[in-house]
Amino acid sequence: MTRYHVSATVNGDEIDFLCEPEQTLLDVLRDELHLTGTKEGCASGDCGACSVMLDGRLVCSCLVTGAEVGDCAIETIEGMADGERLHPLQQKFLDHAALQCGYCTPGLLVAAKALLERNPDPTETETRYWLAGNLCRCTGYDKIVRAVLDTAAEMRGE
Amino acid sequence: MSAAEDLDYQEKPHELKWVGTNVARTDGVDKVTGRARFGADLIMSGMLFGAVLRSPHAHARINGIDTSRAEALKGVKAVVTRNDFEDQPSEMIQVGELTVNIRDVIRNVLAREKAMYDGHAVAAVAATSASIARKALKLIEVDYEVLPHVIDVVEAMKPDAPLLDEKQFTDGVDPKPDKPSNVAKRLEIKLGDVEKGFAEADVVIEREYKTRPVHQGYIEPHACVASYTEDGQGEVWCSTPGHFLVRAITSRLCGIEVSKLKVTASEIGGGFGGKNIVYLEPLALALSRKCGRPVKIAMHRSEVFRATGPTSGAHMKVKIGARRDGRITAGWAELMFQAGAFPGSPVFPAAMCAYACYDLENVLVIGYDVIANRPKTTAYRAPGAQISAFAVESAMDEMARALGIDPVDFRLMNAAKEGTKAAYGPTFGPVGQVETLKAIKNHPNYRVPLGPNQGRGVASGFWFNIGGETSVTMNVNDDGTIALTVGNPDLSGTRTSISVMAAEELGIDPERIRPAVGDTTSLGFNFISAGSRTTFAVGKATVDAARVVIGELRARAAAAWNIPVEAVVWEDGRARPASSNAGDFEPLSLEDIARDAKKTGGPIAGHVETNVSGAGPSFATEAVDVEVDPETGHIKILRFTAAQDAGRAIQPNLVEGQYQGAAVQGIGWALNEEYIYDERGRMENPGFLDYRMPVASDLPMIDAVIVEVPNPNHPYGVRGIGETSIVPVMAAVANALEDATGVRIQELPLSPPRVLKALNEKNGS
Ligand code: FES
Ligand code: FES
């Protein structure tokens, strides 16, 4: 079977991989690059567990093929903390108990970070709508929304 | 018998330092950085990808399976079918709160004589890539003889319904029936005399209710990696709430000794009961055995919907009688539950819990466990109790209306309390039903004025909780830190809560305790993380283990000081003489004693193997405010208050999280979620787009109220807290709908088309 050779950057590192035409970016991240922090919940764009940033855009990596990310910059959960320091969102998720099983957490963190980059002062409603593409079955979202709003306030210096 | 039971440990009335506070989760950083490894995250060298062929028919005899073309495909390393597994005899085994027949388990893992539902596994392949494995599935030829099928429970109970199992005769009826039936079992929960009770009633409410099957909806699909080596040893890594159970079932189905199979539980991405049973592990192990390479199988979401979970759909009749003064005189119900393709619906716990919130003299609940061509049901958070509560608590609301009594007051007049004899057997000790009702009544949310098209609903719920087999090992490291090994997978922070209790006992900072979930070779048997047992039962065993450790620490100090061990007390993480009479010695800290352990007798450890009993029955009461859109029938949740008795909250934020998550699962069940079948018995909505679970924008904040009536059977008063808060939700929403619109709907879900139709009927348009 033909495999495509693709070069891209993932979390700032230049990488190369071979992928089959039917492999998604999610498959590539997990099965080829062994970056298993990005999760599969549905493989159909309905749960957000596979959320990553692609050239600064929030995408479901299960809806992107591996072959189409040539020369793109990909950011995953593995690149979110800065060395030893957690990203404020990661810390607030812990402080607020915004995770139970933690399976939705990488996708939610990536999506929440994208929200705060666009809108540093979101309302509760804006936060809820932005995160509506990320399913969490454990928490009922209450503590997730609080963690995001609290992070936003902290990052604004309030 | 645990070693701890012989201990003469000191009861120290001390201020709680850690219990009741929120401490950092030991698995937290791994989970926010993507490091935590779940079922599908293990990569082994030489690993193959597995895939499962599933029946497209709801009911079909399998006359033959030809795998030769699949086996010939380049990259395919192994194929397994029913011929690779020995049949199993009929024998009941315990799974969570439910029991299953191992003869059915083997048939559910891989179809034998017949495919029993759309999605039933028929064959599995392992190949060098996922795409080759998928291609190979298409090359397997199955000769199906399609049979008539039945999905609905009432249809399945009819004498002329398509029969799923010609050898099944209804159990629990006298005389024994002479014709086979889809009704596997009839059961009864009985107290007093309902006829007498109804004769005393001034008002009787009698209604019928229907619920649909719903899925647990965990976001992590089932996944495992299995490896079988030339010396006959197997290893399984999987997402499960109970790796000891996976070992038991997988070794049995694969015909290998228990000692030859090691199972490691990965982190688990939610389960809610739906992972209490084994699907993939025997397939992966059998594939690995055939080709000598590790095999990973991860389900696709559509497979999760079609072949795992869900809980029962049900048809229920309820009759409640009460006097004008608000006292209930009798409660009766008939519960007909779909079990799926094999017997074992949660109708028994549904019957147990149906009237358990109330102190009644006359109760009769009759249950039927009915098989139908749907996936075999598995447990779902307080299995069955939520379903019967939808019926009973809806009828309770109508009764309160009929009597003109506030729904909370009506429940208070009849609430179960200490000394109440529950219809299912026990007489309750201290329980918190009255307290949850009062918590709702006193909550500011209960007084917020309602606007047009808005309504408020209340309901209560009960779950009994369980204990069970538990093994724990606590090792003191040479620097005085603690390695704690438990055998129960952690779905929600239980590892940390258990450490907190250990810290409280030992008098050290929880940060100095490193809890781990050990594999099946590291501990004695542990029952699965189910029935809200983990923090309760494993916590209790851990406290016992800590007390064994403290006994040894005191003995080491006593030996060093050359005084009797009784003259040494353990306090604030240090041994000290009990009084000045015992001598004047500088206290020895855990670090001091640990550092010298080598010289004073060797390693210090405590381990406990026990069967924990004394789980605390748990009650919840919830109030929900809704707004109904008269144009579309859409129900919006405005406010939600969940009050549940935790016994004691070890970590309040984790307890709140359980209430909130349970409430939202219930909201999904109430408003949207359902399995939809086409006329051929195929599931029409096996994806998150069409099986609509709640998303963040559907919801308000969920106000969790922790009620604490300590469980006297636990050193810190813990009850289970994971389940009860889902129980009242569906009825509470239906009650709120009536309050808002005057329309009573007795069938779930309360989806916009159903609500709109009811509104239109009421308005005569
Ligand atoms: S896995 Fe991509 S959206 Fe669910
Ligand atoms: S924490 Fe389990 S799915 Fe969100």
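Trainee: OK, two strands pair if DSSP finds at least two bridges between them. So which residue in β8(B) stands opposite B:Ile65?

Mentor: B:Val142 does. Before we go on: this is a predicted model, where local features need pLDDT of at least 70, side-chain atom pairs need 80 or more, and totals for chains, interfaces and linings use all residues. Residues count from 1 along each chain as written, chains are lettered from A and ligands numbered from 1 in written order, and side-chain values use heavy atoms, leaving out hydrogens and water.

Trainee: Fine. In which sense do β2(B) and β8 pair, and over how many bridges?

Mentor: Antiparallel, over six bridges, with β8 covering residues 141-146 of chain B. Strands here are DSSP E runs of at least two residues, and helices are H or I runs of at least four, numbered from the N terminus.

Trainee: What about β6 of chain B, how many bridges does that one make with β2?

Mentor: Two, again antiparallel, between residues 60-66 of β2 and 114-115 of β6. B:Arg61 has B:Lys114 as its bridge partner there.

Trainee: Switching topic. How many cavities of 30 Å³ or more turn up?

Mentor: The search of the whole structure gives nine. A cavity is a set of points on a 1 Å grid over the protein atoms alone where a 1.4 Å probe fits but cannot get out, and lining residues have an atom within 4 Å of a point.

Trainee: How much space is in the largest cavity, and what lies nearest its centre?

Mentor: About 610 Å³, as filled by probe spheres set on the points. Of its 39 lining residues, B:Ser492, B:Thr494, B:Ser532, B:Gln658 and B:Gly722 lie nearest the centre. Helices α14, α15 and α18 of chain B each supply at least two lining residues.

Trainee: How does that lining divide by residue type?

Mentor: 18 polar, 15 nonpolar and six charged. Asp, Glu, Lys and Arg are charged, Ala, Val, Leu, Ile, Met, Phe, Trp, Tyr, Cys and Pro are nonpolar, and the others, Gly among them, are polar.

Trainee: And the second largest cavity, which domains line it?

Mentor: Domain 1 (4-79) and domain 2 (88-155) of chain A both give residues to its lining, so this cavity lies between them. Its volume is about 80 Å³, and A:Met53, A:Glu75 and A:Lys113 are among the lining residues. Helix α3 (105-118) of chain A gives the largest share, four residues.

Trainee: How far apart are the centres of those two domains of chain A?

Mentor: Their C-alpha centres are 21 Å apart, with bounds taken from an automatic or database assignment. They bury about 1100 Å² between them, 62% of it on carbon and sulfur atoms; buried area is the accessible area (1.4 Å probe) that two parts lose on being put together, summed over both. A:Lys39, A:Leu58 and A:Ile77 supply 39% of what domain 1 buries there, more than any other three residues.

Trainee: And between chain B and chain A, what area is buried?

Mentor: About 4100 Å², with carbon and sulfur atoms giving 58%. B:Val32, B:Ile219 and B:Met701 together supply 18% of the area chain B buries, more than any other three residues. The contact, meaning heavy atoms within 4.5 Å, takes 54 residues from chain B and 48 from chain A.

Trainee: Last one: how much do domain 1 and domain 3 of chain B bury?

Mentor: About 1700 Å², with their C-alpha centres separated by 38 Å. B:Asn22, B:Ser532 and B:Phe536 supply 31% of domain 1's buried area there, more than any other three residues.

Terms used:
1 Å grid on protein atoms, 1.4 Å probe; cavity = no way out; pocket = protein on both sides within 12 Å on 5 of 7 lines; lining within 4 Å.
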